[in-house]
Amino acid sequence: MTIAGVSGFTRRRLLGAGAGMLVVRALSACANAAPPAAPKVVVVGGGYAGATAARYLRLWSGGAIDVTLIEREVAFVSCPLSNLVIGGSRRLADITIAYDGLERLGVRRIRGEAVAIDAPARTVRLAHGDPISYDRLILAPGVDFIYDAIPGLRSPAAQALVPHAWKAGPQTVALRVRLEAMRDGGVFVIHVPKAPYRCPPAPYERACQVASYFVRQKPKSKVIILDANEEVQSKKALFTAAWNGRYKGYVEYRPNSELLDVDPAGSTLKLDFEDVLADVINVIPPQRAGAIARELGMANANGSFCEVDFLSYESTAQKNIHVLGDAIQTAPLMPKSGHMANQHGKVCAAAIIALLQGRDVNPAPLFANACYSYIDDREVVHIASVHAYDRAQKTMLVVPGSEGLSPAPSADEAAYAEAWARNIWFDMLG
Amino acid sequence: MRSRYLPRLLVAALGVCAAPAVLAADSDAGRDIAANCASCHHGDRRSGAAIPALAGVDKTMIVQRMREFRDGRRPSTIMQQLAKGYTDEQIEAAASYLAAQKP
């Protein structure tokens, strides 16, 4: 039994010591009463947020909640560690995990795409198949990319020429293949969109991974980071030290480099005052909440991300619909990270169980963020923090003293990063 | 914040057996805080010893380690930060929960 496995957690335990026990006693007293149907929770999206919520709903309810997971992919592929596939020290198979663990726990999985919600009827419509009904709906669709502002990348054909590799899977491999095919002496250009975007340190980690590959295999080559932001968005001192140290001459960082357009055929990125020629282009496009979470007015933060109640992750625009992970409008200093998404999933699962029991939700959620970045294939740095709910401001605030970073890259932290990945994958997928 | 479910559940269950619906708050504080630990410290044996599993570990040991991390008496990378995010009461609640889990 695991920590989260909650031994001896039965249906009776789910129903709790209060009203639940009353129900159990009443059921045994009134033998003729029909057993109530199990409450139905439907989860859209099987990433760090959605898979965690699905698993913990089953674990913490002792299997008393009927959980359906709608996911379009056949297996989970982790964004954390996917930069190592691009750097060449991992394969996609190393970061791919099947969904059987959730199915063994009784999660019903539907491979498909949720396309619309009927809130009054409490149903989700799929691209194919019958609508699915719910008592509570969890949306964890991740992000969609916004190509409107990059005319040269509006067509799918153009997008296929310039991988984002910002959703782990075939795109990750496509970028690796391009780097392998690139001549020595070539230039890899990565464009970082304006924040907020998924995983603040990841573009800089990617630059390090590609530079590490160049040092080993293509020493005449170079990485250029075109950052739309005015500075490195996370772990700035640590990344900058790597670019000025072990990757000196390999990495050039250019802040305030907003992308105006891309010419995929000419392999050129257009900025305000210059064009940058590349051998391999990696444009990370601007992002917003996945389409299903922008339905019904839920993307109420600038039309991009979804405001939620941080006690339950219920949308502030729609009752009975909860939004998790990268699709939400986060509190300040609360990054769009896989670890954070996993934490949202647990707070939401606990809240939904409480709500289905007619209990109050936890009034003081508390959770942590831990985020490792690989500087090369052997040394790693972290950023971490603990976040607590603030009743006055109704938001999550960093607990003073808990925030901070590694002093320098280390092999010790690589061992922790590896264990982190394996353990959090187990925590979300079983 | 009430469920529409509970009334239905109670009605279905109680039928004609009337009883006062007293709703006791079931505190899950220890479980919820321990869930933070579980993200990294899960008992996944494939991970090796780099991050130890905590299920079934003695409560006193967990509390002591967390205090040592917080006070800087025990060298660490990430734990000296994370330990500062929790009060003594929160650490006790999580440690009690973890100690009660089967390894």
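## A buried leucine in chain A

A:Leu84 is buried, with 23 other C-beta atoms within 10 Å. Buried means 20 or more other C-beta atoms within 10 Å of a residue's own; exposed means 12 or fewer, partly exposed lies in between, and C-beta atoms are placed from the backbone. The residue A:Leu84 sits in helix α3 (residues 82-87) of chain A. Helices (H or I, at least four residues) and strands (E, at least two) are DSSP runs, numbered from the N terminus.

Set aside neighbours within four places in sequence. A:Leu84 is then in contact with A:Ser89, A:Arg90, A:Gln209, A:Tyr374 and A:Asp377. Contact means that the C-beta atoms of two residues, placed from the backbone, lie within 7 Å. From A:Leu84 to A:Tyr213 is 129 residues in sequence but 10.0 Å in space, C-alpha to C-alpha.

## Model and numbering

This is a predicted model: local features need pLDDT of at least 70, side-chain atom pairs count only at pLDDT 80 or more, and totals for chains, interfaces and linings use all residues. Residues are numbered from 1 along each chain as its sequence is written, while chains are lettered from A and ligands numbered from 1 in the order in which they are written.

## Backbone details in chain A

A:Leu81 is not a glycine, yet its phi is positive, about 85 degrees. A:Leu81 lies in the loop between β3 (76-77) and α3 of chain A. It is buried, with 22 other C-beta atoms within 10 Å. A:Ser267 also has a positive phi, near 55 degrees, in a residue other than glycine. Its place is the loop between β14 (261-263) and β15 (268-270) of chain A. A:Ser267 counts as partly exposed, because it has 17 C-beta neighbours inside 10 Å.

Where is the cis peptide bond that involves A:Pro196? The bond runs from A:Ala195 to A:Pro196, with omega near 5 degrees. A:Pro196 is in the loop between β11 (187-192) and α7 (202-217) of chain A. Helix α7(A) has 16 residues and reaches 22 Å from first C-alpha to last, close to the 22 Å expected at 1.5 Å a residue. The expected span is 1.5 Å times one less than the number of residues in the helix. α7(A) is mostly covered, with 13 of its 16 residues buried.

Chain B has five helices and zero strands. Along the sequence the pattern reads α-α-α-α-α. Of the 103 residues in chain B, 41% are buried. Take the contacts in chain B between residues at least 6 apart in sequence: 64% join residues at least 24 apart.

B:Arg70 lies in helix α3 (residues 59-71) of chain B. This arginine is buried, with 21 other C-beta atoms within 10 Å. Not counting residues up to four places away in sequence, B:Arg70 touches B:Ala83 and B:Lys84. B:Arg70 and B:Lys84 are 14 residues apart along the chain, and their C-alpha atoms are separated by 5.3 Å.

## Helix α2 of chain B

Helix α2 (residues 29-41) of chain B has 13 residues, which should span 18 Å at 1.5 Å a residue; its end C-alpha atoms are 18 Å apart, which agrees. There is a kink of about 30 degrees centred on B:Ala35. The bend at a residue is the angle between axes fitted to the seven residues ending there and the seven starting there.

How many of the 13 residues of α2(B) are buried? The count is 11, and the helix is mostly covered. Among them are B:Arg31, B:Asp32, B:Cys37 and B:His41. The buried residues of α2(B) pack against α9 (338-356), β20 (366-374) and α10 (411-429) of chain A, together with α5 (88-99) of chain B.

The axes of α9(A) and α2(B) come within 10 Å and cross at roughly 150 degrees. Therefore α9(A) is roughly antiparallel to α2(B). Angles over 145 degrees count as roughly antiparallel, under 35 as roughly parallel, 65 to 115 as roughly perpendicular and the rest as oblique. The contact is made by A:His339, A:Asn342, A:Gln343, A:Lys346 and A:Ala350 of α9(A) and by B:Asp32, B:Ala35, B:Asn36 and B:Ser39 of α2(B). Axes are lines fitted to C-alpha atoms, for helices over the stretch in contact, with angles from 0 to 180 degrees between N-to-C directions.

Within chain A, the axes of helix α2 (residues 48-60) and α9(A) come within 7 Å and cross at roughly 35 degrees. Residues of α2(A) that meet α9(A) include A:Tyr48, A:Tyr56 and A:Trp60.
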